[in-house]
Amino acid sequence: MSHDHVATDTPPTLLDLGGVVYVPPHLGDATLVLVDFQNEYMAGPLALPGVWDVVNRAKVLLNRVRAAGVRFGCVLADAGYGLSAPFR
């Protein structure tokens, strides 16, 4: 099976690779979930390339969600840097 992908700056998603045409839901029907926005991925030995672009795009999306009155939640693990803790 061949998976042709048009070269862009954005890597393909699993949906792209599976040939699925994704139609995002209307914002009012959506749920926003942000995962792994810990500080350790922003700077230091675990810093991810391009992370600040992702953070800034997430801020824009979060502002849109808030402006649309969409409810969202945050999951926090607050044991401290590099430690495990129950989520709340």
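1. Cys74 is exposed, with a relative accessible area of 60%; exposed here means over 50%, buried under 20% and partly exposed in between, with a 1.4 Å probe and protein chains only. Cys74 is placed in the segment after helix 2 (51-67). From C-alpha to C-alpha, Cys74 lies 7.6 Å from Val33, although 41 residues separate Cys74 and Val33 in sequence.

2. The model is predicted, and local features need pLDDT of at least 70, side-chain atom pairs count only at pLDDT 80 or more, and totals for chains, interfaces and linings use all residues. Residues are numbered from 1 along each chain as its sequence is written, and side-chain values use heavy atoms, with hydrogens and water left out.

3. The chain contains two helices and zero strands; helices (H or I, at least four residues) and strands (E, at least two) are DSSP runs numbered from the N terminus. Of the 88 residues in the chain, 10% are buried. Among contacts with a separation of 6 or more, 30% are between residues 24 or more positions apart, a contact being heavy atoms within 4.5 Å. The accessible surface of the chain is about 7700 Å², and carbon and sulfur atoms account for 60% of that surface (Shrake-Rupley method, 1.4 Å probe).

4. The whole structure holds one salt bridge, defined as a side-chain nitrogen of Lys or Arg within 4 Å of a carboxyl oxygen of Asp or Glu. Asp53 forms a salt bridge with Arg57, and the closest N and O atoms are 4.0 Å apart. Both residues, Asp53 and Arg57, belong to helix 2 and stand four residues apart, about one turn of the helix. Asp53 is partly exposed at a relative accessible area of 45%, whereas Arg57 is exposed at 58%.

5. The second largest pocket has a volume of about 540 Å³. Of its 16 lining residues, Leu32, Leu34, Arg57, Ala58 and Leu61 are the closest to the pocket centre. A pocket is an open set of points on a 1 Å grid over the protein atoms alone, where a 1.4 Å probe fits, with protein on both sides within 12 Å along at least five of seven lines; lining residues have an atom within 4 Å of a point. The volume is the space filled by probe spheres set on the points, which are joined across faces, edges and corners.

6. The lining of the second largest pocket comprises 13 nonpolar residues, one polar and two charged. Nonpolar covers Ala, Val, Leu, Ile, Met, Phe, Trp, Tyr, Cys and Pro, charged covers Asp, Glu, Lys and Arg, and the others, Gly among them, count as polar.
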